Amino acid sequence: MGFTKKLAHTLEQNELSGIFKALGHPARISILQYISNHPNCICNDLVRDIDLAQATISQHLVELKKVDLIQGKHTGKKTCYHINIDKLYEVKQSVVTFFDETQ
């Protein structure tokens, strides 16, 4: 969506849309679940256990980081990933509010 179209919607609508877009791919759901169960995993762990190419995993990680659902901590040449719990709860509340207000 172009920038001017985003101005036609509220900040909350745009943010929720971005979250849904990030969650709209099954690989990203799989990655989130994996990171949730294996905090501080690295990309190679994901590649080994999810059976996707490293470049594919990396691109999905970028999309999840864009919406702040995951965070990475650099340790040497590796990045250890974990769920951003604060953002996850914020998203959960936004979704609940969305469905409560939408009849």
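This dialogue walks through the features of a predicted model, from the overall fold to single residues.

Reader: How much of the chain is made up of buried residues, and what is its accessible surface?

Author: Buried residues make up 28% of the 103 residues in the chain. The accessible surface comes to about 7,200 Å², and 55% of that area belongs to carbon and sulfur atoms.

Reader: Turning to the inside, which residues of the largest nonpolar core touch the most other members, and which elements give two or more residues to it?

Author: One reads a core by asking which residues make it up and then where in the chain they come from. The largest nonpolar core here has 19 residues, and those that touch the most other members are Ile-31, Ile-35, Leu-46, Ile-57, Leu-61, Leu-69 and Ile-70. Two or more residues come from each of helix H2 (11–23), helix H3 (26–37), helix H4 (43–50), helix H5 (54–66) and strand S2 (78–83). H3 gives the most to this core, with 4 residues.

Reader: If I take Ile-31 as an example, what does it touch beyond residues up to four places away in sequence?

Author: Leaving out those sequence neighbours, Ile-31 touches Leu-46, Ile-50, Ile-57, His-60, Leu-61 and Leu-64.

Reader: Next I would like to consider charged side chains; how many salt bridges are there, and where does the one between Lys-87 and Glu-15 lie?

Author: Side chains of opposite charge can pair when their charged atoms come close. In this structure the count comes to 5 salt bridges. One of them joins the side chains of Lys-87 and Glu-15, at 2.6 Å from N to O. Lys-87 lies in helix H6 (residues 85–101) and Glu-15 in helix H2, so this pair ties together parts that are 72 residues apart in sequence. Salt bridges that share partners also join Glu-15, Lys-87 and Glu-90 into one network.

Reader: Which salt bridges have partners about one helical turn apart?

Author: Two pairs can be read in this way. Arg-48 forms a salt bridge with Asp-45, with the closest N and O atoms 3.4 Å apart, and the two residues are 3 apart in helix H4, so about one helical turn separates them. The side chains of Lys-66 and Glu-63 meet at 3.2 Å, N to O, and these residues, 3 apart in helix H5, are likewise separated by about one helical turn. Arg-48 is exposed at 56% relative accessibility, and Lys-66 is exposed with a relative accessible area of 61%.

Reader: On the surface, which residues form a nonpolar patch?

Author: The patch consists of Ile-85, Leu-88 and Tyr-89, which together have about 300 Å² of accessible area. Ile-85 is found in helix H6 and is partly exposed, with a relative accessible area of 44%.

Reader: Finally, how many disulfides does a search of the whole structure find, and how far is Cys-41 from the nearest cysteine sulfur?

Author: A disulfide is a covalent bond between the sulfur atoms of two cysteines. The search finds 0 disulfides in the whole structure. Cys-41 is in none, and the nearest cysteine sulfur, that of Cys-80, is 8.0 Å away, whereas a disulfide would require the sulfur atoms to be within 2.5 Å. Cys-41 is buried, with a relative accessible area of 3%, and Cys-80 counts as buried at 13%.

Reader: Where is Pro-39 placed, and how far is it from Cys-80 in sequence and in space?

Author: Pro-39 sits in the loop between H3 and H4, where it is exposed, with a relative accessible area of 52%. Pro-39 and Cys-80 are 41 residues apart in sequence, and their C-alpha atoms are 7.9 Å apart in space.

Technical notes. Residues are numbered from 1 along each chain as its sequence is written. This is a predicted model: local features need pLDDT of at least 70, side-chain atom pairs count only at pLDDT 80 or more; totals for chains, interfaces and linings use all residues. Side-chain values use heavy atoms; hydrogens and water are left out. A nonpolar core is a set of buried Ala, Val, Leu, Ile, Met, Phe, Trp, Tyr and Cys residues joined through side-chain atoms within 4.5 Å. Buried means under 20% relative accessible area, exposed over 50%, partly exposed in between (1.4 Å probe, protein chains only). Contact means heavy atoms within 4.5 Å. A salt bridge is a side-chain nitrogen of Lys or Arg within 4 Å of a carboxyl oxygen of Asp or Glu. Patches are made of residues with over 30% relative accessible area and no salt bridge: like charges are joined within 9 Å, nonpolar side chains (Val, Leu, Ile, Met, Phe, Trp, Tyr) within 5 Å. Accessible areas come from the Shrake-Rupley method with a 1.4 Å probe; for residues, only the protein chains shown count as cover.
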